[in-house]
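Open the model in your viewer and keep the selection panel at hand. Each stop below says what to select and what is there.

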Amino acid sequence: MSEYSKIIDSSMTGAIIGAALEVYEVLGHGFSEVVYQHALAREFKARGIPFQREALLKIHYKDSILEPLFRADFVCFDKIIVELKAVSELVDAHKNQVYNYLKASHLQVGLLFNFGKQGGCEWRRVVCTKGAAKSAGEPIPHP
């Protein structure tokens, strides 16, 4: 099994998704993104999920590092970028943001969560391979 397969189908992503769903179950929708960041950090800690909050991601260009740096909401298990939103609907720009974080960090898997949607936590898995980004998970609703 490749490293990609281990990450995409692993208990690591399942643990992160479970923690995010618990945060939504307790708080529901309607708070600002920072409230969900604090709650998810506490949930990660309670579940023993290793994480870095507001992790700085360097952008490499040839032999140098560009400014500004990206700041991901979380990097979990040193392998998975976790980005939070609190908006009424996810759009392609949100998925593209995670994809750019993956390219900048040379990581392969990102999870995008939206706590702003009424009726349930919306999530997407974004994968950066040598080709184009792929996503899976809960479908993004279309107008």
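A residue is called buried at under 20% relative accessible area, exposed at over 50%, and partly exposed in between, with a 1.4 Å probe and protein chains only. By that rule, 41% of the 143 residues of the protein chain count as buried. This is a predicted model, where local features need pLDDT of at least 70, side-chain atom pairs count only at pLDDT 80 or more, and totals for chains, interfaces and linings use all residues. Residues are numbered from 1 along each chain as its sequence is written, and side-chain values use heavy atoms, with hydrogens and water left out.

**Whole chain.** Color by secondary structure. The protein chain has 4 helices and 6 strands. Helices (H or I, at least four residues) and strands (E, at least two) are DSSP runs, numbered from the N terminus. The order from the N terminus is α-α-α-β-β-β-α-β-β-β. Contact means heavy atoms within 4.5 Å. Of the contacts between residues at least 6 apart in sequence, 56% join residues at least 24 apart.

**Helix H3.** Select residues 33-47. The expected span of a helix is 1.5 Å times one less than its number of residues. For the 15 residues of H3 that gives 21 Å, and the end C-alpha atoms are 21 Å apart, which agrees.

Which residues of H3 are buried? Select Tyr36, Gln37, Leu40, Ala41, Glu43 and Phe44. They cover an arc of only 165° around the axis, so they lie on the same side of H3. The arc is taken from the directions from the helix axis to the C-beta atoms. An α-helix has 3.6 residues a turn, so residues three or four places apart point the same way.

Now show what the buried residues of H3 pack against: helix H2 (11-27) and strands E1 (51-61), E2 (64-76) and E3 (80-85). Turn to the face of H3 away from its buried side for exposed Arg42, Lys45 and Ala46. Then step to glycine 48, which follows H3 and has a positive phi, near 70°.

**H2 against H3.** Show both helices. Their axes come within 9 Å and cross at roughly 125°. H2 is therefore oblique to H3. Select the contact residues: Ala15, Ile16, Gly18, Ala19, Ala20, Glu22, Val23 and Leu27 of H2, with Val35, Tyr36, Ala39, Leu40, Glu43, Phe44 and Arg47 of H3. Axes are lines fitted to C-alpha atoms, for helices over the stretch in contact, and angles run from 0 to 180 degrees between N-to-C directions. Angles under 35 degrees count as roughly parallel, over 145 as roughly antiparallel, 65 to 115 as roughly perpendicular, and the rest as oblique.

**Last stop.** Select lysine 103, in helix H4 (residues 92-105). Lysine 103 counts as partly exposed because its relative accessibility is 44%.
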